Amino acid sequence: MAFSHVAAMTFERVSRLTSIPRFWRPHALVQMLAMSLSLTLYLTSTLPAAAIGLLRDPDIENGLRELAFPILRAAGLSPNRVKILLVNDGGFNAFVVDHNTIFLNYGLILKVPRADVLQAVIAHEAAHIANGHIQRRISNFQGAQTVANLGVALALIAAAAGGGEAAAGVAAGTQSSALRSFLAHTRAEEASADRSAANYLRLSGISTRGLIDLHRAFAGQDLLTPGNQDPYMRSHPLSRDRIRAAEAFFEAHGDQSLPNANADYWFARIRGKISAFTRAPKWTLLRAGEETHDDIRLMRQAVAHHRNRNLSKALAGINAAIALRPDDPYYYELKGQILLESRRIDAAVDAYGKAVELAPRDPLILAGHGRALLAAKHPKAALEVLEKARARDARDARMMRDLGVAYASTGQNGMASLVTAERYALQGRTEDAELHARRAVGQLPVGSTGWQRAQDVLLASERANKRKR
Ligand SMILES: [Zn+2]
């Protein structure tokens, strides 16, 4: 996973964005920039384009799955289909742009105080999917029909890891009125999403107090000058209305929730890992002692020591965490990362191999294993593992880059061009995508699966680039 590489950058932002969220932008934060066959681009409306990207971490995504599972089931959504992805943004936000993905900023997870508040956020977003609010947008959006068939592509580009500049270029060619209409959730939709969310939480045995506290955190919005408020926020029901509705639900139904040690554990683990990678190591080492779950404390310390380039302490920490949870694939995955980034390549291959044994279908773990095999100069073995990862989840720019290297190292230049084109498309770099897709079309056997994929990227990127010009 790409965490350690963004740590230096994100730390600064986190340290400035402390405690209380200033803006509640459940949906407006994303702008739809371009829609075409397989190139769809989203970007925050208020932040520089460069800020966008996904943090793909198997441990965190697993924890989010654990927290979301009962809610998605209560919403009638398939927990296997709907993924929760972490956006590399320290601000408070959560949003949906298609039926299969809920996006959460890492800043939101650091700022909510308890698991039930995070679950309330997830429930609200799940309700937007389940209540058809997204469907209406996709159907209404001009030219979006093709995209509806490409659910993956939608979120794929939301990843847009590192696609800043190109994304801004595409933005210039897109009609902002169309974007606004895509994103505008009505007051009725907000109220309906809140109502459904409360029901999902109740059905899941989760306290709806989290929903109340979630809204209360935004009550201060009213006190801000209009210039400091998010414009989208102003067009939505005031927080106090939503608090009142949530409180009324709580009064009417009472709180039948039971303490949930599993949810508390995964919440602590997700937050612990995010903060260990985004806060200064010193901060983590000072506070890790407050963590009551021993393995999570050890994991956080291991990450902090690793970021301090203290390999022996990092290994001691992660090994101790593994000793407490010997069947936990994600701790082996972290060990693999620590070793790989410390250039202990053979040991890294072993650690990732163990993680794969324990979680053979996790695409992010497979991607890590492939990366280590590539570093160990086993491109053929790496290629096999990375293709398995890609087949399960292509929204991982780093894996796609490794896959390109693996194809090039094994002399398959057409395929290398194809996955490079797909990676650029994922990152919103449509001109680079067009160039490499054209190259791939020229190199791959006409009519082959790879050739077909290259054609798709070529057509879509041509269309997007034409719009820009
Ligand atoms: Zn909403």
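**Close-up 1. Strand 4 and strand 6 run parallel and are joined by five bridges.** In this predicted model, strand 4 spans residues 83-87 and strand 6 spans residues 101-105. Strand 4 is mostly covered, with four of its five residues buried.

Close-up 2. Strand 3 pairs with strand 4 in the antiparallel sense, over two bridges. Two residue pairs can be followed here: L54 stands opposite V87 in strand 4, and L55 stands opposite L86 in strand 4. The open sheet contains four strands in the order 3-4-6-5, with mixed pairing. Strand 3, residues 54-55, and strand 5, residues 94-96, stand at the edges with a single partner strand each, so one side of each has no neighbour in the sheet. In general, the strands of a sheet pair through backbone hydrogen bonds, in either a parallel or an antiparallel arrangement.

**Close-up 3. Helix 2 and helix 4 each lie across strands of the sheet.** Helix 2, which comprises residues 58-74, lies across strand 3, strand 4 and strand 6, and runs at about 135 degrees to strand 4. Helix 4, which comprises residues 115-130, lies across strand 4, strand 5 and strand 6, and runs at about 145 degrees to strand 6.

**Close-up 4. The axes of helix 22 and helix 23 come within 8 Å and cross at roughly 165 degrees.** Helix 22 covers residues 397-409, and helix 23 covers residues 413-426. Because an angle over 145 degrees counts as roughly antiparallel, helix 22 is described as roughly antiparallel to helix 23. The crossing of the two helices is left-handed.

**Close-up 5. Residues of helix 22 meet residues of helix 23.** On the helix 22 side the contact is made by A397, M400, R401, L403, G404, Y407 and A408, which meet N413, M415, A416, V419, E422, R423 and L426 in helix 23. The residues of this contact divide into nine nonpolar, two polar and three charged.

Methods. Residues are numbered from 1 along each chain as its sequence is written. This is a predicted model: local features need pLDDT of at least 70, side-chain atom pairs count only at pLDDT 80 or more; totals for chains, interfaces and linings use all residues. Side-chain values use heavy atoms; hydrogens and water are left out. Axes are lines fitted to C-alpha atoms, for helices over the stretch in contact, and angles run from 0 to 180 degrees between N-to-C directions. Angles under 35 degrees count as roughly parallel, over 145 as roughly antiparallel, 65 to 115 as roughly perpendicular and the rest as oblique. A crossing is left-handed if the near helix is turned anticlockwise from the far one by less than a right angle, and right-handed if clockwise. Contact means heavy atoms within 4.5 Å. Ala, Val, Leu, Ile, Met, Phe, Trp, Tyr, Cys and Pro count as nonpolar, Asp, Glu, Lys and Arg as charged, and the others, Gly among them, as polar. Two strands pair if DSSP finds at least two bridges between them. Buried means under 20% relative accessible area, exposed over 50%, partly exposed in between (1.4 Å probe, protein chains only).
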